[in-house]
Amino acid sequence: MRVFPPQNKFFQGYFNMNNNITSVLTTTLSSTGLWSAILSTIGIITLGYLLVKIKVFKAEWSKVLNSIVLKVALPALAFSGFMNNATIQQLTEQGIVLGVSFGFYILLSCISILWVNFFPKLLPNKIKKLNANTFEGQVNVVSNEQNLEANNAIAEDNQKRALTMWMMLIFGSTTFFGLPIIRILYGTTSDAVVAANIWNIPYRIFLYSFAFLVMSGLKFDKQNIKSSAKTALLNPIVIATFLGLVFWLTQLIPGASRFGANFTEGTNGWFNWNVTMPYFYTPINTVGSLSSPLVWLSIGITLATTKLIDAVKDKWVWIFSVQKLVIIPFIVFIVFLGLVAAGVVTRNVSTAMVIFAATPPATVVIAYAMQYKVCDKLATQCSALTTLLAIIAIPIWIIICTVVYQLV
């Protein structure tokens with residue numbers, strides 16, 4: 001047997017590390033589950049796109065599909081996602097996910113407010129003059145008063161653009177785009193799906209309250225906060241999520257996790273209906289399963305009716321796309337890399353959270369922009385291009401996460 005001299009220990013370790021990376025990468029790239037999820041997403045989105053182009057589907061059908069998904073399929077998916085056994089270890093993990101989620105939305109929401117309100121004032125005078133000159137080249141400035149109005153218009157325009165981009169960065173299409181992919185990738189009753197539903201609790205609270213108030217321009221007073229909170233809590237997906245979470249947690253009560261089929265003696269929690277009551281689980285899961293194909297068909301229909309060429313020509317759309325699909329997922333990737341290394345969060349759960357971070361802007365935010373005329377053209381263009389690019393970016397992030405997290 002060959003003995004490596006001391007000076008070659010570094011190279012031996014280097015070669016072993018390379019072999020490990022190659023082995024993990026090969027295993028990942030040969031995963032049928034991974035490619036099934038990727039090809040299903042791309043294939044059905046393409047099908048929706050083509051069916052519109054050959055005039056089998058109509059563009060307005062997208063609204064009907066979205067309504068079915070949001071009011072029926074996704075609530076069923078959110079509820080069935082909790083139909084799994086509960087343990088103290090899982091509770092700890094999901095608690096960490098909930099804490100990270102709250103931290104993510106609180107931190108980025110605070111940064112967005114500070115950025116929109118104070119960053120423009122910190123810009124160097126050179127940039128301010130450049131913006132003013134650019135604006136003056138497009139309009140006729142004939143008086144100091146009009147010049148002041150022009151400068152104010154520039155500031156307001158920049159503020160609205162920054163505001164809209166921040167809201168789209170913070171709130172991705174986790175429910176509409178991310179959850180179906182996670183479900184296909186890891187299974188309906190996996191810890192990753194439970195974690196996805198847990199992450200979405202703060203997401204929905206902030207989306208229907210903070211994002212609404214910011215985009216609508218309403219004051220953060222007691223009446224407006226109460227109204228937006230009521231809207232959030234009465235959302236069917238939110239109701240299904242909280243109901244499923246409560247039922248899932250009750251399995252930690254002593255004696256609530258000793259059941260088998262038809263509640264005979266066993267080792268499952270009572271809410272693991274896949275085992276205890278499959279006659280209830282199957283129809284709910286079937287309805288939840290509709291979300292994936294219907295969502296992807298709807299995305300294909302939307303892309304078929306969008307002028308992508310306009311989005312491709314706008315530099316701000318590209319700037320946003322890089323931030324949304326690269327920078328935000330990278331930040332979440334690093335955070336969960338530390339949690340995986342600490343052994344407090346599993347690899348699948350961590351990958352699911354990165355998938356959420358790499359989703360296109362939430363359709364609700366785009367709806368806010370269109371309703372309140374806050375850079376609505378920019379919002380729709382960003383949504384269209386990032387949706388197309390996310391089909392490429394998300395599989396890449398899945399591969400990166402799978403390889404790196406397994407090496408930790």
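Biologist: How many residues are there, and what share of them count as buried?
Modeller: The protein has 408 residues, and 45% of them count as buried. Bear in mind that this is a predicted model.

Biologist: What does the secondary structure come to?
Modeller: It comes to 18 helices and zero strands.

Biologist: Let's go inside. How many residues does the largest nonpolar core have?
Modeller: That core has 111 residues. Met167, Phe171 and Met353 have the most contacts inside it.

Biologist: Which helix gives the most to it?
Modeller: Helix 8 does, with 18 residues.

Biologist: Stay with Phe171. What does it touch?
Modeller: Leaving out residues up to four places away in sequence, Phe171 touches Tyr105, Tyr203, Phe206, Leu207, Phe210, Ala211, Pro361, Ala362 and Val365.

Biologist: How many aromatic pairs turn up in the whole structure?
Modeller: The search finds 27. One of the pairs joins Phe171 and Tyr203, with ring centres 6.1 Å apart and planes at 55°.

Biologist: Why is that pair called tilted?
Modeller: The planes stand at 55°. Under 30 degrees would count as stacked and over 60 as edge-to-face, so an angle in between is tilted.

Biologist: Where do the two partners sit in the chain?
Modeller: Phe171 is in the loop between helix 6 (144-170) and helix 7 (174-186). Tyr203 is in helix 8, residues 191-216. They are 32 residues apart, and the pair links distant parts of the chain.

Biologist: Buried or exposed, those two?
Modeller: Phe171 is buried, and Tyr203 is buried too.

Biologist: What about Phe271 and Trp273, how are their rings arranged?
Modeller: They pair edge-to-face. The centres are 5.2 Å apart, with 70° between the planes. Phe271 and Trp273 are both buried.

Biologist: Which residues form the aromatic cluster with them?
Modeller: Phe79, Phe247, Trp270, Phe271, Trp273, Tyr279 and Phe280 form one cluster.

Biologist: And what sits over the ring of Trp316?
Modeller: The charged end of Arg161 does, 3.9 Å from the ring centre.

Biologist: New topic: helix 13. How far does it reach?
Modeller: Helix 13 covers residues 291-304, which makes 14 residues. From first C-alpha to last it reaches 20 Å, close to the 20 Å expected at 1.5 Å a residue.

Biologist: Why call helix 13 largely enclosed?
Modeller: Twelve of its 14 residues are buried, so the rest of the structure largely encloses it. Among the buried ones are Trp296, Ser298, Gly300 and Leu303.

Biologist: Which helices do those buried residues pack against?
Modeller: Helix 2 (32-53), helix 3, helix 7, helix 12 (278-289) and helix 18 (376-407).

Biologist: Take helix 3, then. What does Ser62 touch?
Modeller: Ser62 lies in helix 3, residues 61-80. Not counting residues up to four places away in sequence, it touches Ser298, Ile301 and Thr302. A polar contact of 3.5 Å joins the side chains of Ser62 and Thr302.

Biologist: Why does Ser62 count as buried?
Modeller: Its relative accessible area is 7%, and buried means under 20%.

Biologist: Which residue has a positive phi of about 55°?
Modeller: Lys373, although it is not a glycine. Lys373 is in the loop between helix 17 (363-371) and helix 18. It is exposed, at 58% relative accessible area. Cys375 lies in the loop between helix 17 and helix 18, and has a positive phi of about 50°.

Biologist: Last one: Gln90. What does its side chain join in a polar contact?
Modeller: The side chain of Asp191, at 3.1 Å. Gln90 and Asp191 are 101 residues apart in sequence, yet 7.9 Å apart C-alpha to C-alpha. Gln90 is in helix 4, residues 88-122, and counts as buried at 13% relative accessibility. Its contacts, not counting residues up to four places away in sequence, are Asn85, Asp191 and Trp248.

Key
Residues numbered from 1 in each chain as written. Predicted model: local features only at pLDDT ≥ 70, side-chain atom pairs only at ≥ 80, totals over all residues. Heavy atoms only, no water. Phe/Tyr/Trp six-rings, centres within 6.5 Å; stacked < 30°, edge-to-face > 60°. Helix = DSSP H or I, 4+ residues; strand = E, 2+ residues; numbered from the N terminus. Buried < 20%, exposed > 50% of the residue type's maximum accessible area, 1.4 Å probe, protein only. Lys NZ or Arg CZ within 6 Å of the ring centre and 35° of its normal. Core = buried A, V, L, I, M, F, W, Y, C linked by side-chain atoms within 4.5 Å. Contact = heavy atoms within 4.5 Å. Polar contact = N/O pair within 3.5 Å; in protein donor to acceptor, adjacent residues only side chain to side chain. Expected span 1.5 Å × (residues − 1).
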